[in-house]
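Reader: I have the sequence and the coordinates open. Please take me through a few local features, one at a time.

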Amino acid sequence: MEFIKYHLRMTKFSLPSSIRVIDIVQILLIAIFVYYLMVWIKNTRAYTLLKGVMFVSIFLIIAAILRMDTILWICQQLSVVAITGVLIIFQPELRRALEQLGEKKMFSNLISFDNGKQVDERITDRTIGELIHAAYAMGEVKTGALIVVEQNIILQEYEKTGIAMDSLISSQLLINIFEHNTPLHDGAVIVRNNRIVSATCYLPLSDNLELNKSLGTRHRAGVGISEVSDALTIIVSEETGKVSYTYGGKIVIGVTPGALRERLNSMKTRKDHKETTGLARIWKGRAKHEEKTGE
Ligand SMILES: Nc1ncnc2c1ncn2[C@@H]1O[C@H](COP(=O)(O)OP(=O)(O)OP(=O)(O)O)[C@@H](O)[C@H]1O
């Protein structure tokens with residue numbers, strides 16, 4: 001204790017003589033803010049940014065230890081520009097976060113005890129079978145399709161660009177959605193767990209110059225979504241009938257049903273889903289763990 005007090009004195013901090021209710025409220029508010037910030041970072045592209053920021057921070061710490069004054073001075077001068085750049089790049093995510101604040105769902109999410117109902121659901125063999133069946137059936141008759149299978153990064157901002165659905169997957173439904181000249185055939189379908197959550201979604205187009213020039217916008221959209229998320233996207237070409245998939249910014253064209261099944265199967269072992277929001281869920285998880293270990 002003396003050791004802690006000494007260090008607090010040295011760092012000009014002091015332990016409060018009494019704790020007021022408002023202090024507890026402040027601590028709770030900060031905890032909630034940090035919690036939501038972490039959830040936001042995990043579910044958006046900001047996660048990639050965070051990794052970049054950590055890398056730069058480590059570099060700066062090393063530069064400070066080694067007294068690389070010139071590098072530190074340049075970084076200091078560039079910091080304002082960097083922050084402005086980040087704000088511009090992440091403008092859609094920041095806007096979405098502020099919109100969510102306005103949607104007043106925060107508190108209900110926080111205390112909801114059944115929010116994570118779907119969390120343990122993984123993409124099942126049945127869903128995989130239906131996806132594969134639909135893709136190759138559409139390929140055979142050259143019906144173009146774009147099916148995004150969400151993983152850990154939630155595709156809410158893209159889901160919102162389409163028409164909301166909440167349907168169990170079946171190959172017949174997918175084939176019907178992408179049928180020419182029907183209201184839902186344009187754009188992408190987004191699949192979350194074992195359900196179709198949205199159709200006619202607009203996806204970001206990839207500007208990767210290395211992509212084959214013959215690939216049109218459907219394929220570019222498939223690659224685009226895989227650059228900004230960890231989703232796996234199945235593409236059926238209207239021109240050739242070939243089935244392809246994109247993942248991690250890469251496209252594999254003309255896959256066999258076996259290869260696609262293998263890829264989809266690997267998603268069954270994905271990490272826990274973002275929807276593990278809500279302090280209640282953290283508490284439930286902790287209680288479960290304690291039950292198991294008998295602590
Ligand atoms: N940004 C986008 N997000 C979602 N879907 C898109 C997007 N851009 C295009 N599409 C879909 O792709 C269709 C156009 O495909 P296009 O012919 O340009 O692509 P392609 O890659 O050559 O595919 P195909 O081999 O099927 O012709 C559109 O009708 C639309 O359904």
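Reader: How far apart do the end C-alpha atoms of residues 47-66 lie?

Author: This is a predicted model. The UniProt record, an unreviewed entry, lists residues 47-66 as a transmembrane region, along with 21-41 and 71-90. In the model, residues 47-66 are 95% helix and 0% strand. Their end C-alpha atoms are separated by 29 Å.

Reader: What is the end-to-end C-alpha distance for residues 21-41?

Author: Residues 21-41 are also in the list that UniProt gives under "transmembrane region". The span is 100% helix and 0% strand. Its end C-alpha atoms lie at a distance of 30 Å.

Reader: Which helix gives the largest share of the shell around the ligand?

Author: The shell holds 17 residues, and the closest are Gly216, Arg218, Ala221, Ser237 and Glu238. By type, the shell divides into 7 nonpolar, 6 polar and 4 charged residues. The largest share is 4 residues, and they come from residues 217-228, helix H10.

Reader: Is Lys142 buried, partly exposed or exposed?

Author: Lys142 sits in the loop between helix H7 (125-140) and strand S1 (145-149). Its phi is positive, near 55°. Most residues other than glycine have a negative phi. Because 14 other C-beta atoms lie within 10 Å, Lys142 is partly exposed.

Notes. Residues numbered from 1 in each chain as written. Predicted model: local features only at pLDDT ≥ 70, side-chain atom pairs only at ≥ 80, totals over all residues. UniProt positions renumbered as here; feature names shortened; annotations may be inferred. Helix = DSSP H or I, 4+ residues; strand = E, 2+ residues; numbered from the N terminus. Near = placed C-beta within 6 Å. Nonpolar A, V, L, I, M, F, W, Y, C, P; charged D, E, K, R; others polar. Buried ≥ 20, exposed ≤ 12 C-beta atoms within 10 Å, placed from the backbone.
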